[in-house]
Amino acid sequence: MALAASSVSNLLHFAVSSDAKAPRIGSVQLLNWPHVLSSGVNYLRRGCWMKPINSQSQRNNLFVPLAVNTLASEVVEKAETVDYDGLAKHLENASPLEIMDQALEEFGNDIAIAFSGAEDVALIEYARLTGRPFRVFSLDTGRLNSETYQFFDAVEKHYGIHIEYMFPDAVEVQGLVRNKGLFSFYEDGHQECCRVRKVRPLRRALKGLRAWITGQRKDQSPGTRSEIPVVQVDPVFEGLDGGIGSLIKWNPVANVDGKDIWNFLRTMNVPVNSLHSQGYVSIGCEPCTRPVLPWQHEREGRWWWEDSKAKECGLHKGNLKQGDIPQLNGNGNGTPLVNDIFISQNLVNLNRTGIENLARLGNRKEPWLVVLYAPWCQFCQAMEGSYVELGEKLAGSGVKVGKFRADGEQKEFAKAELQLGSFPTILFFPKHSSKAIKYPSEKRDVDSLMGFVNALR
């Protein structure tokens with residue numbers, strides 16, 4: 001008996017997804033799926049049969065072998081061309097619920113939600129509201145906060161789902177820790193650790209899918225996420241068929257503001273990570289995440305000791321423009337060509353010789369306040385107004401206010417000799433001491449900086 005392709009696809013999708021515990025990522029094998037035929041915007045997708053592999057016998061999944069055995073000999077293929085650039089433009093003003101519904105409808109059991117344990121729980125709520133079956137996976141790096149693990153458990157119970165956890169390779173983790181210690185990322189950047197604990201497990205997960213759903217928003221990171229579309233061909237990772245174009249990436253909340261996400265979560269009474277009530281906004285691994293103050297951008301709580309130009313762990317590396325990539329680990333020596341900042345007649349622009357002489361002096365005629373900065377750093381840019389105003393207020397007070405550009409070729413010197421950890425770093429050079437005192441706070445408003453100066457001069 002022949003069935004229409006759409007009816008057969010729906011029947012098999014229902015059978016595979018009907019069990020409360022979704023099959024593991026990578027646990028489905030397609031019998032016939034061609035590689036992508038074009039590197040342009042049009043990609044060929046074929047409907048085809050799935051069968052479970054490496055699966056254990058579970059309650060309520062008897063429909064799967066029944067459906068496969070009945071219909072496997074009658075494979076019906078349906079080819080369609082999808083222009084994902086055009087689709088992204090078409091859905092630009094669509095609601096997250098509409099986008100989620102289309103993603104789940106198109107890819108069925110071959111798509112899964114990537115859940116980080118933060119406010120992206122909104123994705124799971126949107127998926128629930130579509131009424132369609134859905135899958136959820138998460139990366140357990142082994143370094144998450146205990147609150148995040150408790151949150152995972154609460155989400156599973158609230159939605160009656162089983163999150164498909166992906167873990168890093170034990171041998172790789174062992175090699176990294178034995179060779180470099182548990183906290184090497186504080187010394188040489190987070191990219192190596194993230195590659196082992198996050199990127200490679202994600203790569204394995206995505207090789208079992210044809211599409212994935214992320215919680216990326218344009219307002220999360222202006223430097224790297226401001227142009228993400230609601231749907232795209234993944235520029236970095238490969239899907240089940242392998243090769244460029246074999247994986248589609250959906251970003252249903254790309255155009256949603258963070259405050260609107262939180263209004264949605266409160267309205268729908270969705271469980272949230274308890275870390276949010278402690279000042280955490282963007283949540284990652286415990287050693288690399290900290291709370292932020294109300295006026296700080298959410299990404300300032302991630303890898304705070306590094307350059308802030310491109311704060312991505314590698315999961316969304318495709319967001320980075322080519323010029324950003326050398327700065328990924330916060331230790332690049334390239335000097336981006338951007339306009340200088342902190343321009344004022346009340347600020348002294350120190351060169352390498354000037355800052356070296358200032359640091360060596362044991363007795364200075366007057367104390368100095370100096371900011372170590374990089375003009376491309378969004379956090380340096382954010383404090384420019386307050387620092388310039390501070391220079392105006394301190395003019396003629398007996399305190400010199402200066403700046404030293406410490407990126408590029410000067411960065412290693414600044415790290416070794418000037419206590420540079422991340423940009424911006426603010427130093428006070430007392431009148432009768434050679435040792436500079438580092439400003440310890442993330443508050444960079446005029447009053448806070450003035451209080452620091454008045455306490456020391």
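Two strands pair if DSSP finds at least two bridges between them, where strands (E, at least two residues) and helices (H or I, at least four) are DSSP runs numbered from the N terminus. The model is predicted, so that local features need pLDDT of at least 70 and side-chain atom pairs count only at pLDDT 80 or more, while totals for chains, interfaces and linings use all residues. Residues are numbered from 1 along each chain as its sequence is written, and side-chain values use heavy atoms, with hydrogens and water left out.

**Exercise 1.** Find the bridge partner of I113 in β6, and describe how the faces of strand β6 are covered.

Solution. Begin with the pairing: β5 and β6 run in the parallel sense and are joined over two bridges. In β6, I113 has V136 as its bridge partner. Next, take the faces of β6 (residues 136-139), where V136 and S138 on one side and F137 and L139 on the other are all buried (buried means under 20% relative accessible area, exposed over 50%, and partly exposed in between, with a 1.4 Å probe and protein chains only).

**Exercise 2.** Determine where pLDDT, the predictor's confidence in each residue from 0 to 100, is lowest and where it is highest in the protein.

Solution. The average for the protein is 79, and 74% of the residues score at least 70. Confidence is lowest in strand β3 (residues 50-52), with a mean of 33, and highest in strand β5 (residues 111-114), at 98. Over residues 1-79 the pLDDT is below 50, and this stretch has 130 contacts in the model beyond near neighbours in sequence (contact means heavy atoms within 4.5 Å). Residues 320-336 also stay under 50, and for them the model has 47 contacts beyond four places in sequence.

**Exercise 3.** Locate F342 and Q419, state the phi of each, and decide whether each is buried or partly exposed.

Solution. As background, most residues other than glycine have a negative phi, and most peptide bonds are trans. F342, in the loop between α10 (258-267) and β11 (348-349), has a positive phi near 60°, and F342 counts as buried because its relative accessible area is 0%. Q419, in the loop between α14 and β14, has a positive phi near 65°, and Q419 counts as partly exposed because its relative accessibility is 31%.

**Exercise 4.** Identify the peptide bond that joins F423 and P424, and place P424 in the chain.

Solution. The bond between F423 and P424 is cis, with omega about -10°. P424 lies in the loop between α14 (411-417) and β14 (425-429).
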